[in-house]
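This briefing is for a reader who has not seen this structure before. Please look over the sequence and the model first.

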Amino acid sequence: MKPLHIADCVRSNLESYLADLGHSEPNGMYNMLLTVVEKPLLEVVMQRADNNQSKAAQYLGLNRNTLRKKLLEHKLID
């Protein structure tokens with residue numbers, strides 16, 4: 001069995017989400033999707049980096065201050 005790529009998982013879940021809406025119009029999907037994807041991404045990368053923000057920022061290709069801001073926004077640090 002071939003593993004699914006992240007894009008395939010996102011596509012499949014978006015199709016299910018839209019199907020569940022039925023005839024209702026979606027609203028704010030872009031920000032919703034970024035939020036629901038960003039938090040688990042940060043959680044997994046921080047775990048992989050042993051909570052080292054400099055290392056995690058490097059893995060993500062972000063500035064450490066940007067990563068810290070995102071971690072605060074998602075309440076992953078105090």
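The model is predicted. The protein chain has a mean pLDDT of 94, and 100% of its residues reach 70 or more.

**Confidence by helix**
- Helix H1 (residues 6–21) has the lowest confidence, with a mean of 93.
- Confidence is highest in helix H3 (residues 53–60), at 98.

**The buried face of H3**
- Gln53, Ala56 and Ala57 are the buried residues of H3.
- Viewed down the axis of H3, these buried residues fall within an arc of 100°, so they line one face of the helix.
- The cover over the buried residues of H3 includes H2 and helix H4 (64–73).

**Nonpolar surface patch**
- Met32, Val36 and Val37 make a nonpolar surface patch of about 220 Å².
- Met32 lies in helix H2 (residues 29–48).

**Salt bridges**
- The count of salt bridges is 2.
- Asp8 pairs with Arg11 in a salt bridge, with the closest N and O atoms 3.3 Å apart.
- Asp8 and Arg11 are 3 residues apart in helix H1, so about one helical turn separates them.
- Asp8 is partly exposed at 32% relative accessible area, and Arg11 is partly exposed at 47%.
- Lys70 and Glu38 form a salt bridge at 2.8 Å, N to O.
- This pair links distant parts of the chain, with Lys70 in helix H4 and Glu38 in helix H2, 32 residues apart.
- Lys70 is partly exposed, with a relative accessible area of 22%.

Technical notes. Residues numbered from 1 in each chain as written. Predicted model: local features only at pLDDT ≥ 70, side-chain atom pairs only at ≥ 80, totals over all residues. Heavy atoms only, no water. pLDDT = per-residue confidence, 0-100. Helix = DSSP H or I, 4+ residues; strand = E, 2+ residues; numbered from the N terminus. Patch = residues over 30% accessible without salt bridge, like charges linked within 9 Å, V, L, I, M, F, W, Y side chains within 5 Å. Areas by Shrake-Rupley, 256 points an atom, 1.4 Å probe, with all protein chains shown as cover. Salt bridge = Lys/Arg side-chain N within 4 Å of Asp/Glu carboxyl O. Buried < 20%, exposed > 50% of the residue type's maximum accessible area, 1.4 Å probe, protein only. Arc of directions from axis to C-beta. Contact = heavy atoms within 4.5 Å.
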